[in-house]
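Thanks, everyone; I have one model to go through this morning, and I would like to take it piece by piece. Please have the sequence and the structure open as I talk.

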Amino acid sequence: MNKEEKYAALLPQVKALCEGETDMIAKMANVSALLHSEFGFWWTGFYRIENSELKIENSANTTNNSQFPTPNSQLILGPFQGPIACVHIAYGRGVCGTAWKERRTVVVPDVEEFPGHIACSSESRSEIVVPVFAGDEIIAVLDIDSRELATFDDTDRRYLEEVVKYLV
Ligand code: SME
């Protein structure tokens, strides 16, 4: 199976894992395990936007909602597969913080060429980070690392953007 066929076969599994399940952590855990085991990536997991639920809960009563994310907002490590990773990533920092800030998927063919890349593992050579949108709000990012250069391309971007839609 080529990459495209693998992703196409995986989407119904993602759907089955997420359908009817309301617990976001459980869904993130299974989706990261599925992607990791199917593709043999080096690191596969989620960083959650800290306090995003708080922000949603408070949104009806607050007037400073537009202040979110603040310069102090950060990502916090969520469910993942692979070696241990950094726990906190600031808004706009690294590949993850950049995907969050720019509200788009970031594909990095060579992490050494990405200014500000955060090296949780020296083994990581290429990376893709996909924002998880709940409506207009980003609630998390999916981060995948590879030990090979240029692992990720537009096919990964397209399918992974579909995968994360099943989480919300
Ligand atoms: N490389 C990421 C940090 C997270 S680890 O790869 C798991 C970044 O630059 O944001």
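Let me begin at the ligand, where a polar side-chain atom of Asp145 sits 2.8 Å from one of the ligand's oxygen atoms; please keep in mind throughout that this is a predicted model. The protein covers 99% of the 300 Å² of accessible area that the ligand has on its own. Backbone atoms take part as well: a polar backbone atom of Cys96 is 2.9 Å from an oxygen atom of the ligand, and a backbone N or O atom of Ile118 is 2.7 Å from a ligand nitrogen. In total, 13 residues surround the ligand, and the closest are Val95, Cys96, Ile118, Glu127 and Asp145.

Turning to the nonpolar cores, the largest has 25 residues, and those with the most contacts inside it include Val31, Leu142 and Leu160. At least two residues of this core come from each of helices H1, H2 and H5 and strands S5 and S6. Apart from it there is another core, of 18 residues, among them Leu75, Ala99, Val111 and Val129. Looking beyond its neighbours within four places in sequence, Leu160 is in contact with Tyr7, Leu35, Ile128, Val130, Leu142 and Ile144.

Key
Residues numbered from 1 in each chain as written. Predicted model: local features only at pLDDT ≥ 70, side-chain atom pairs only at ≥ 80, totals over all residues. Heavy atoms only, no water. Core = buried A, V, L, I, M, F, W, Y, C linked by side-chain atoms within 4.5 Å. Buried < 20%, exposed > 50% of the residue type's maximum accessible area, 1.4 Å probe, protein only. Helix = DSSP H or I, 4+ residues; strand = E, 2+ residues; numbered from the N terminus. Contact = heavy atoms within 4.5 Å. Near = heavy atom within 4 Å. Polar contact = N/O pair within 3.5 Å; in protein donor to acceptor, adjacent residues only side chain to side chain. Areas by Shrake-Rupley, 256 points an atom, 1.4 Å probe, with all protein chains shown as cover.
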